[in-house]
Amino acid sequence: MPGMPTDGGGAIVPFTGEPGQGAPPVRPIRHGVAPPIFRTYVSWSSGNLLQVACLRPPNSEGGGGTVEVVGSVVEVNLGDGGSGGSEAEEKIDEAEMRRIEYGSVPAFALLQSRKNSLADAATMSHVPSVPDHEEWWQYVLEYSKTIGNLLGNPDPPVFMIEDPMTILKFREKPTSLRAAWELLEIFYVDKHLQGWLPERLVDWLADFDSLLSTMVSTVYSKLSNFQKKLINLQIVEDDPDYWNGLSAALSVGWLDIVVNMLRFHGSYQLDQMDNRETENGLVEAVAVLVSTMPRLRPNLPTGKLGQCCKTRPDFIKAWEKWRGQVTKLECSAFWIQCGHQKTRDGLKNLLHIMMGNVNKLTDATSHWLELFASHFLYIKPFTVGFEGMHHLAQKCIQLKPSSGTNGLTGLILGVLSENTEVVLAECTKNFGPWLVTHAMELLTADNDYADVMLHEERPNLGGISIEELHRLVYAQVLCSHSLTWQIAPTYLSSCLNQGLGLLEILLLKQPIQDNCLVLKTLEICRLYELENVSTIIMKIAGIYHWKHGRKGTGVYWFQQAHDKVCLDRIAQQLFEHIGKSVTDDSFKQWEGLLELLGSDIGSAGGLEFLHRYRDFKKSLQQALDRRCGARQTVDFLIQLMKNPSTPQRFWLPLLHDSVELLNSKLSPLMNVAETTLLLNKLQELSMAKLRPDFSSNHLPSHAISSVRLALASNLARAILGDP
């Protein structure tokens, strides 16, 4: 759908809404194309991605000789997050995404190398496939941890001094990309979590609950809103939001936040006018029960509250004891002595939550995922298996239906339903080709069905597998940007059916104007053993530089490519060009190229002569400057005139160049035989001038007479000097 930009305001497409409609959503596009923008193209991509292409005018001129971007393709995510996403989510810009793309290459390459090694070992043993190796899942887990660290660390910095009235600690804003990656790692890779998977889901929700705020109110949004109004509250226990926040935080297991908020209660203040000891005792008793809540997990993170139980028997024993203490406090007579109605009701509500009251948990939570986690904590702590979790998730969705869909919730449902196709579709739709490409290894780490489904070659895909298809798509995305195409070969080389062919096309399409870029392309060819492609690139670079007047650079690339055909043609052209006008100026113009070509190109004929002619010219100049003996120059001259490879059109220039040297010496420089040889050559040249095909060398008309007189004088001195 092409479009022309409008004249005013810089808008690409003017919007004319109806009177009753609100303002349209605005999504800024960072395309990097300098104005003016001549044309735009909009087309749908996969999932919710919209591709927008911006092009400059065809004849626009860049200033200062700098290379400017003449067009760019940008993908815009039209998911529910959009421009109205959660304020607590960190948006990933282009620079950050490039950092992630480059950082994930070593981990991906290392895992592929290990997979190939295990595959080679599997062919020599009775192990049917790579995932059956015991150490494979450990390799995948190491790979997953590396990628996870690359996506960011949700843990807060430990060195910060925090305000005691702070509810939500300062931390790095999470991203949906990291949330999705950790979710796949929890369910598909980390076997250490199988015994306490529900608790790990609770931790995951604690890290990424803020990402669900784009749709409905969540625990995070409740606490965040209460944090903003806390500074203006004098008596916090009179505010309903205080008790709602406590109930919400306790329902999802944020025990440290609950205990911290209970300390905000007015009964802890020292300047109390009334006697609130009983009220304070009840608040403190609830805080102690919250801080000693049993948790079925191997360990607790630093700063987290709860009683850690590593085995199920220990947990059951601690759970029954703790529940008995909660029941005992709930039936205590001290509640009658508590004179503050809101405190009494709020604390009893917390006790009901800890006792697993479904109605109280449903009222305290806002999203079905929060209700899902609360069931693990207070109702079904021993839930195991995907089937049981999926049934519980469906029940929670019925109790807490969400108003919209979210990529993370759709991904969780796909995982719990053990439907690899749904998981793959959700990743493709909401998180882009990077996550899909790198998450393939997680999905197949310990899942035979996913391994077969993703690696099966399908005729409807051109004989490639789903895994290879997504890698090719991701490689295409990398190739579309000048800063990321260099890492695309890593993914193309892992595609055995079509990857290497596309890699060759990618390398051959790289611009060859810049020698640094050519060297980088050749290095990639060397890494992947593409000698034929490397040779073609060097030939193309040689032709380009030769046609654009950079003769030396062109010859260099032809030599690197060992292209004897082009080098022979260049040598022949050089020989013919110099032979048309053998003057000092024309020879000096091509002397550097002659030096670069060398004397090994003999098939063209004449290049060896040009090198000897260059040596003769240097020796002649030194002899005239009296820096060397004249005899050496004469020897060069005799060798050239005797050599049958010396073209006839060079005879007269050679002899004419020697006239000054011959006339500057009183003694003969050549003997009778040598002088006679040169005179015979001069006679042949005089007869050749009568032929119509004779080539003139732009020498003076008296050149032959001058040479004949000089040779005759030397012959006379030679005859008189012979004994």
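The second largest cavity of this predicted model has a volume of about 40 Å³. A cavity is here a set of points, on a 1 Å grid over the protein atoms alone, where a 1.4 Å probe fits but cannot get out; grid points are joined across faces, edges and corners, and a volume is the space filled by probe spheres set on the points. The lining of the second largest cavity consists of Phe616, Leu620, Thr633, Val634, Leu637, Ser658, Leu661 and Leu662, where lining residues have an atom within 4 Å of a point. At least two lining residues are supplied by each of α26 (607-624), α27 (630-642) and α29 (659-663), with the largest share, three residues, from α27. Helices are DSSP runs (H or I, at least four residues) numbered from the N terminus. By class, six of these lining residues are nonpolar, two are polar and none is charged; Ala, Val, Leu, Ile, Met, Phe, Trp, Tyr, Cys and Pro count as nonpolar, Asp, Glu, Lys and Arg as charged, and the others, Gly among them, as polar.

Two cavities of 30 Å³ or more were counted by this rule. The largest cavity holds about 70 Å³ of space and is lined by Leu201, Trp204, Leu205, Leu369, Phe372, Ala373 and Ile412. Helices α4 (197-208) and α13 (368-378) are the elements giving two or more residues to this lining, which has seven nonpolar residues and no polar or charged ones.

The largest nonpolar core has 137 residues, of which Leu184, Phe187, Trp204, Leu262, Met354 and Phe372 touch the most other members. Such a core is a set of buried Ala, Val, Leu, Ile, Met, Phe, Trp, Tyr and Cys residues joined through side-chain atoms within 4.5 Å. Helix α16 (residues 420-443) contributes the largest share of this core, 11 residues. Beyond four places away in sequence, Met354 is in contact (heavy atoms within 4.5 Å) with Leu250, Val286, Leu289, Val290, Trp322, Arg323, Val326 and Tyr378. A second, separate core of 26 residues includes Leu640, Met670, Leu682 and Ala703.

Glu237 lies in the loop between α5 (219-230) and α6 (240-251). This residue counts as buried because its relative accessibility is 2%, the limit being under 20% relative accessible area with a 1.4 Å probe and protein chains only. Residues up to four places away in sequence aside, Glu237 touches Tyr242, Trp243, His265, Gly266, Arg276, His340, Lys342 and Thr343.

Residues are numbered from 1 along each chain as its sequence is written, and side-chain values use heavy atoms, with hydrogens and water left out. Local features need pLDDT of at least 70 and side-chain atom pairs count only at pLDDT 80 or more, whereas totals for chains, interfaces and linings use all residues.

Technical notes. 1 Å grid on protein atoms, 1.4 Å probe; cavity = no way out; pocket = protein on both sides within 12 Å on 5 of 7 lines; lining within 4 Å. Buried < 20%, exposed > 50% of the residue type's maximum accessible area, 1.4 Å probe, protein only.
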